[in-house]
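Hello,

Here is the structure I promised to hand over. Please open it first, then read my notes below.

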Amino acid sequence: MSTTCLLSAAISQAEPKYTTVFSEPMEYCFEQTSLRGGLDRTIQDHHLIVPPEDHFKLGDVFVGFRRKSEPDKLWLYGIFGNWIDSNDTQYLYSRSVYSMRKLEPVIDVSIFLDPTDVTEFVGDGEIWVGYGLRKGETSTEEDSFQDMMDNQRYYRLWQIGGSIEKNSTICLTATQMEEDTGTEDVRQAIVPPDNIPMTVP
C-alpha cells in the first residue's frame, strides 16, 4: 500500500484539488534542515525522520531548548509558539509541536517560524528535536515525553552559532503529486510507490 508523506505541518480537511501522476517514479530531494537569516533574525525548519519501526504509530514531536550553562533546565516549544519550562506542572496547554498524531515517515518541524534574535544564546544555547510514542488513546503527552527520554529518541540539532548537526539530503521516490489549494498555503504531498524506501544520503 502506498504511503503519503506530507511535506508541511498544515492540516486540511479538504480533498486535494489537483493530482499529477508521473509517467515513471521520480526522485524529490531536499535538505533535512534549513537555517536562514543572520543570528539576529533566524528562521529554522527541520524534517524529522521517523524510523520505519515507528511509522504511523501514535506519538508527539518535541522541540527543546537547553543552555550549557544550565544543563538541567529544558524548555519545550509549545503549540502557541512559546517556550515552556518542561517541569512546569501548572501549564495547561500542549508542550509538543505536534500532539498525538500518527507519525509520518517525514515530519516538517518549524522551529523558528518568524525571524528570531538568538544572538544572546551563541555558544551556550542548543536546539534539540525528538519524538515519543503513546501506547494508546488514553496515554498522555507526559507519557510520550517520558517515552522519548527513556528510549533516547532525540538529538541535538543545532548549537546556536555553530553548524547544523543534522543536515542530510533527503530523497523521496514518488509516483504522483497532490496539490491542495483549499487553504491559504499550498501544500504538496509526495506519494512514494510500493516497496521503494526513502533514502537519506
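The accessible surface of the protein comes to about 11,200 Å². Carbon and sulfur atoms account for 50% of that surface. Accessible areas come from the Shrake-Rupley method with a 1.4 Å probe, and for residues only the protein chains shown count as cover.

A word on the source. This is a predicted model, where local features need pLDDT of at least 70, side-chain atom pairs count only at pLDDT 80 or more, and totals for chains, interfaces and linings use all residues. Residues are numbered from 1 along each chain as its sequence is written, and side-chain values use heavy atoms, with hydrogens and water left out.

Now the fold. The protein has one helix and 13 strands. These are DSSP runs, numbered from the N terminus (helices: H or I, at least four residues; strands: E, at least two). Along the sequence the pattern reads β-β-β-β-β-β-β-β-β-β-α-β-β-β.

Next, the inside. Of the 201 residues, 41% count as buried. Buried means under 20% relative accessible area, exposed means over 50%, and partly exposed lies in between (1.4 Å probe, protein chains only). The largest nonpolar core has 24 residues. Such a core is a set of buried Ala, Val, Leu, Ile, Met, Phe, Trp, Tyr and Cys residues joined through side-chain atoms within 4.5 Å. Among the residues with the most contacts inside this core are Leu48, Ile127 and Trp158. Strands S5 (58–67), S9 (106–116), S10 (125–133) and S11 (154–159) each supply at least two of its residues. Apart from it lies another core, of five residues, including Phe62 and Met148.

Look at Ile127. Leaving aside neighbours within four places in sequence, Ile127 is in contact (heavy atoms within 4.5 Å) with residues including Val63, Ile111 and Trp158.

Then the loops. Glu104 lies in the loop between S8 and S9. Glu104 counts as buried because its relative accessible area is 14%. Glu104 and Leu48 are 56 residues apart in sequence, yet 9.4 Å apart in space, C-alpha to C-alpha.

Thr89 is in the loop between S7 and S8. Is Thr89 buried or exposed? Thr89 is exposed, because its relative accessibility is 70%.

Tyr93 sits in the loop between strand S7 (83–85) and strand S8 (98–102). Tyr93 is partly exposed, because its relative accessibility is 48%.

Best wishes
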